[in-house]
Amino acid sequence: MLSDVPLDLPVRPVLPTLVAALESAGSAVLVAPPGTGKTTLAPLAVADAVARRVIVAQPRRVAARAAARRMAALLGEPVGDRIGYAVRGERRVGPRTRVEVVTTGLLVRRLQHDPELPGIDAVLLDEIHERQLDADLALAFSVESRAALRPELWVLAMSATPEADRFAALIGGATSAPVVRAESALHPVTRIWAPPPRPVPPPGAGPVDRALLDHVAATVRRALREQEGDLLVFLPGVGEIAAVAGRLSDLRDDVDVLRLHGRQSSAEQDAALRSGERRRVVLATAVAESSLTVPGVRTVVDAGLSRVARLDLARGLGALVTVPVSRAAATQRAGRAGREAPGQVYRCWSPGLHERLPAQPEPEIATADLTGFALEVAAWGAPGGTGLALPDPPPAAAMAVAAETLTALGALDADGRITERGRAVVAAGAHPRLARALIDGADRVGADRAAQVVALLAESAVAGSGDDLAAAWRRLRAGTDPAATARWRAEVRRLRAALPPAAPDQPQEAADGVPVNKGRDGRRPVWLPDDLAAGLLVGLAYPERLARVRRPGGSAYLMSGGTAAELAPGSELAGVEWLAVAVADRAPGAPAARIRLAAVLDEVTAREVAGSLLRSERQIGWSGGDVVAREVLRLGAIEVVDRPLARPDREAVVAALLTGLRDTGLDLLSWTPSATNLRERLAFCRHALGDDWPDVSDEALLTGAPHWLGPELSDARRRSDLARVDVTAALRRLLPWPLAGRLDELAPERIAVPSGSRIRVDYADPAAPVLAVRLQETFGWSQAPRVGGGRVPVLLHLLSPAGRPVAVTADLASFWHSGYRQVRAELRGRYPRHPWPEDPTTATPTRHSGRRR
């Protein structure tokens with residue numbers, strides 16, 4: 001076949017060496033810079049050396065189709081003759097096909113189906129440096145298949161980057177595989193550094209700065225002025241492509257501005273890969289980085305950004321993050337300009353920044369959702385990937401989350417081994433969550449409708465604008481966008497064929513996809529409208545993303561997994577009580593996830609599809625300043641039912657009241673003067689007489705509440721019941737009976753004064769009890785009274801007839817001797833009608849306000 005190609009590309013001289021290495025070792029690594037022809041000529045050379053078919057694996061569908069068309073064109077044949085291809089939903093091969101280009105995902109499917117790869121003599125893994133998950137799996141499975149089952153199978157890894165030794169060690173087995181290098185590209189590419197005039201902040205999880213997009217558009221205009229031929233412009237995503245296309249709209253009279261990205265249909269992608277009658281500017285994502293020749297391109301404009309997926313393991317949500325391009329990817333992009341002639345690349349960054357870029361892109365295995373990966377390796381017989389020739393081991397945390405998800409789906413058993421259900425999930429050829437929805441949903445809504453919705457979830461790019469999944473489903477069925485509908489229907493057919501034949505007790509379907517016979521329980525299945533059918537299937541796939549609106553009519557939701565989520569402003573779904581969220585992402589640091597695609601649901605269906613998340617619990621606790629006793633039914637984090645408990649557990653109520661006391665304090669109790677006085681008397685006794693007396697500090701009372709408040713707590717049900725507690729009686733429980741009998745003796749509540757009055761003692765300061773008494777009532781006392789068994793003198797606050805303090809003393813004898821004379825003189829002038837004797841110790845006390853007549 002190679003002899004039929006007159007094209008002399010830089011890789012051609014090393015092809016005999018490559019074939020010889022494969023013949024001797026059975027495996028090899030080919031390293032060739034972009035533009036050397038490795039993707040098109042190496043498969044032809046290998047096909048000449050083997051008797052049967054050669055499989056070439058590409059990481060992207062667009063690259064697989066383009067490579068097959070390129071090789072067929074070199075042979076002067078149509079695709080499907082000696083050169084064919086197969087991607088998901090599309091295959092063009094024939095009986096004479098010798099080289100079949102497939103996606104790495106499709107190769108993994110074939111290896112899982114039959115690891116011996118019958119009829120295949122060689123597997124070529126192109127662009128292995130891109131490190132996508134399927135590429136890592138295809139490499140590991142091919143190496144093990146060759147080692148264990150097909151020692152005669154050739155395995156060739158091809159890369160445009162020089163990082164070859166690690167791959168040679170992986171595929172070579174006991175000894176490293178030989179490495180063959182093609183040293184130079186076909187045409188030189190001149191680098192032109194074109195950084196923005198002012199620094200642009202890195203985008204991260206947010207949008208790309210408008211200033212950078214303006215600069216990219218200006219650089220395109222500059223390149224159109226300075227260079228000849230077509231331009232290929234690399235941008236991180238579809239949104240940036242649309243933004244730059246808008247900035248170049250005034251050029252449409254002179255050039256064709258085309259778009260190339262993975263969300264397009266095959267026809268739209270192929271149109272960008274064909275030569276045009278006019279000069280073209282092709283705005284592309286990373287799909288154009290490798291294995292593609294865009295005809296006519298002489299200049300590349302590189303924005304210097306890539307978009308990668310990041311997974312939030314705790315929430316199960318991904319986010320697309322914009323990061324600087326790696327140096328290896330920048331080299332790949334630049335090589336697109338030298339495929340057909342000398343070219344140039346305008347890099348929108350500086351040489352200094354280039355040196356600080358990462359050498360290689362981060363492998364997908366380090367950042368992606370590993371649920372599908374974990375199931376694949378389990379189906380292969382290597383749970384966790386143990387023993388496989390993987391370039392990098394999977395992160396332990398991500399694999400643990402993946403194993404937990406797969407166990408919940410029933411795809412793995414408790415030991416991590418694949419189950420029969422897991423094998424059915426693998427056979428569906430979709431993400432395990434979507435395969436679960438397909439298999440379980442077919443029995444609920446019918447196989448056709450299940451396949452249609454799952455195909456839409458698998459190919460979410462065909463949904464178009466808007467976040468209403470059911471509306472997108474209806475548009476696809478109506479054929480509003482023929483290209484999108486064709487792509488969707490191809491996936492529907494594939495998924496429908498992957499379903500096992502319906503058993504006699506499973507629902508068959510009429511032409512409209514509605515179940516027409518009895519279900520598994522012997523009754524006719526309830527027909528669901530499209531909205532609920534879509535919601536049910538999404539809920540089966542993502543039960544932790546069932547969401548309930550926080551406020552009626554609002555756009556903020558709480559998902560059952562506990563993550564807050566919001567609809568976009570103006571969404572038609574706003575206010576819907578229940579949603580099943582199909583696509584959502586959460587930028588790092590954002591307070592809520594953004595809902596991108598969702599379906600309407602009702603509570604009954606939500607309970608059905610997420611029954612494993614339903615938890616009923618009785619909650620008795622202290623909340624909002626009172627006892628809360630309720631029965632709550634939760635769907636994950638969502639409260640579905642909340643009703644009061646008629647007969648709450650008494651011990652739990654007591655515990656809640658004690659929590660309230662600890663949180664709020666003893667002020668929850670009604671402290672009457674009598675209760676306060678008793679507490680102060682007890683505190684005095686402990687201070688004066690020792691630890692035999694109870695500790696009535698806040699801390700001690702709160703700690704001992706179950707004892708001294710026990711009977712009252714057992715009868716209480718709410719905060720108001722605490723306010724009715726007789727605290728005085730409760731406090732007396734702290735006193736052992738011998739001490740209780742001496743309390744009035746040691747800390748009398750009142751003291752009789754010479755006038756005959758019984759006056760209350762203030763024990764607020766346990767170190768100094770206070771007796772506030774009118775001075776005239778103490779006439780006749782020679783000493784201040786003492787309490788605490790005579791240990792502590794009472795601090796006398798001596799008052800005027802009007803009740804105002806005139807002296808404070810604990811030594812009454814000293815006061816009579818030295819202080820009384822001055823006080824007497826002052827009071828005689830102020831209160832002349834009152835008796836103020838010269839010798840108070842022998843005078844008659846009185847409590848009356850004036851002289852008796």
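Two strands count as paired if DSSP finds at least two bridges between them. By that rule, strands β22 and β23 (residues 626–635) of this predicted model form an antiparallel pair with 10 bridges.

**Antiparallel sheet**

- Three strands make up an open sheet in the order β22-β23-β24, and their pairing is antiparallel.
- The edge positions are taken by β22 (614–623) and β24 (638–644); each has a single partner strand, so one side of each is left without a neighbour in the sheet.
- From one strand to the next, the twist averages 30 degrees.
- Within the pair of β22 and β23, which is antiparallel with 10 bridges, S623 is opposite D626 of β23.
- E617 has V632 in β23 as its bridge partner.
- Helix α21 (residues 650–664) packs on this sheet and touches β22 and β23, and its direction makes about 50 degrees with that of β22.
- Strands β23 and β24 run antiparallel and are joined by 6 bridges.
- R634 is bridged to E639 in β24.

**Hairpin turns**

- The hairpin of β22 and β23 has 2 residues between the strands, and G624 there takes a positive phi near 65 degrees.
- A hairpin is also formed by β23 and β24, with 2 residues between them; in its turn, G636 has a positive phi of about 65 degrees.

- R191 stands opposite V345, a residue of β16.

**Contact of α14 with α15**

- Two packed helices are described by the angle between their axes and the distance between the axes.
- For helix α14 (residues 420–427) and helix α15 (residues 432–445), the axes come within 9 Å and cross at roughly 105 degrees.
- Angles of 65 to 115 degrees count as roughly perpendicular, so α14 is roughly perpendicular to α15.
- On the α14 side the contact is made by R421, A424 and V425, and on the α15 side by P432, A435, R436, I439 and D440.
- By residue class, the contact of α14 with α15 has 5 nonpolar, no polar and 3 charged residues.

**Cavity**

- Rolling a probe the size of a water molecule over the atoms shows where empty space is left.
- Across the whole structure, the search finds 1 cavity of 30 Å³ or more.
- The largest cavity has a volume of about 60 Å³.
- Its lining consists of 11 residues, of which P34, G35, K38, T39 and R339 lie nearest the centre of the cavity.
- The lining of the largest cavity divides into 2 nonpolar, 5 polar and 4 charged residues.

Terms used
Residues are numbered from 1 along each chain as its sequence is written. This is a predicted model: local features need pLDDT of at least 70, side-chain atom pairs count only at pLDDT 80 or more; totals for chains, interfaces and linings use all residues. Side-chain values use heavy atoms; hydrogens and water are left out. Axes are lines fitted to C-alpha atoms, for helices over the stretch in contact, and angles run from 0 to 180 degrees between N-to-C directions. Helices (H or I, at least four residues) and strands (E, at least two) are DSSP runs, numbered from the N terminus. Angles under 35 degrees count as roughly parallel, over 145 as roughly antiparallel, 65 to 115 as roughly perpendicular and the rest as oblique. Contact means heavy atoms within 4.5 Å. Ala, Val, Leu, Ile, Met, Phe, Trp, Tyr, Cys and Pro count as nonpolar, Asp, Glu, Lys and Arg as charged, and the others, Gly among them, as polar. On a 1 Å grid over the protein atoms alone, a cavity is a set of points where a 1.4 Å probe fits but cannot get out, and a pocket is an open set with protein on both sides within 12 Å along at least five of seven lines; lining residues have an atom within 4 Å of a point. Grid points are joined across faces, edges and corners, and a volume is the space filled by probe spheres set on the points.
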